[in-house]
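Here are my notes on this model. Please read them with the structure open.

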Amino acid sequence: MQLIANQQEHVPSERDERKQKVICQAKQLLMQYQGMTEPEAHRFLQKQAMNLRVSKKSIAETTINYYSKKEKTMLS
């Protein structure tokens with residue numbers, strides 16, 4: 001019985017870890033540029049994903065791209 005229980009535990013995959021890293025990076029950018037708290041940034045990403053019917057990872061990637069472009073123009 002113990003063997004079956006161990007097999008059912010969720011082990012984060014490499015893909016899950018990459019997704020979390022992207023979401024965390026987007027939250028950090030929102031906190032830095034928009035003055036949001038971590039829970040506010042998390043909720044913002046969730047809400048945008050729900051409203052646009054896309055994944056949180058997709059919203060996070062868009063957020064990262066937006067602020068990356070913004071930083072480049074600020075440095076020019």
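1. Start with the aromatic cluster. Tyr33, Tyr66 and Tyr67 make up one such cluster. This is a predicted model, and the structure holds two aromatic pairs.

2. Take the stacked pair. The ring centres of Tyr33 and Tyr67 lie 4.9 Å apart, with the planes at 10°. Planes under 30 degrees apart count as stacked, so this pair is stacked. The pair joins distant parts of the chain. Tyr33 sits in helix α2 and Tyr67 in helix α4 (residues 56-75), 34 residues apart.

3. Now the other pair. Tyr66 and Tyr67 have ring centres 4.9 Å apart, but their planes stand at 80°. The cut-off for edge-to-face is over 60, so the pair is edge-to-face.

4. Tyr33 is partly exposed at 27% relative accessibility. Tyr66 is also partly exposed, with a relative accessible area of 48%.

5. Lys27 belongs to helix α2 (residues 14-34). Its relative accessibility is 9%, so Lys27 counts as buried. Beyond its neighbours within four places in sequence, Lys27 contacts Glu38, Ala41, His42 and Leu45.

6. Last, confidence. The protein has an average pLDDT of 88, and 86% of the residues score at least 70. Among the elements, helix α3 (residues 38-52) has the highest mean pLDDT, 98. Helix α1 (residues 2-8) has the lowest, 54.

Methods:
Residues are numbered from 1 along each chain as its sequence is written. This is a predicted model: local features need pLDDT of at least 70, side-chain atom pairs count only at pLDDT 80 or more; totals for chains, interfaces and linings use all residues. Side-chain values use heavy atoms; hydrogens and water are left out. pLDDT is the predictor's confidence in each residue, from 0 to 100. Helices (H or I, at least four residues) and strands (E, at least two) are DSSP runs, numbered from the N terminus. Buried means under 20% relative accessible area, exposed over 50%, partly exposed in between (1.4 Å probe, protein chains only). Contact means heavy atoms within 4.5 Å. Rings of Phe, Tyr and Trp (its six-membered ring) pair if their centres lie within 6.5 Å; planes under 30 degrees apart count as stacked, over 60 as edge-to-face and the rest as tilted.
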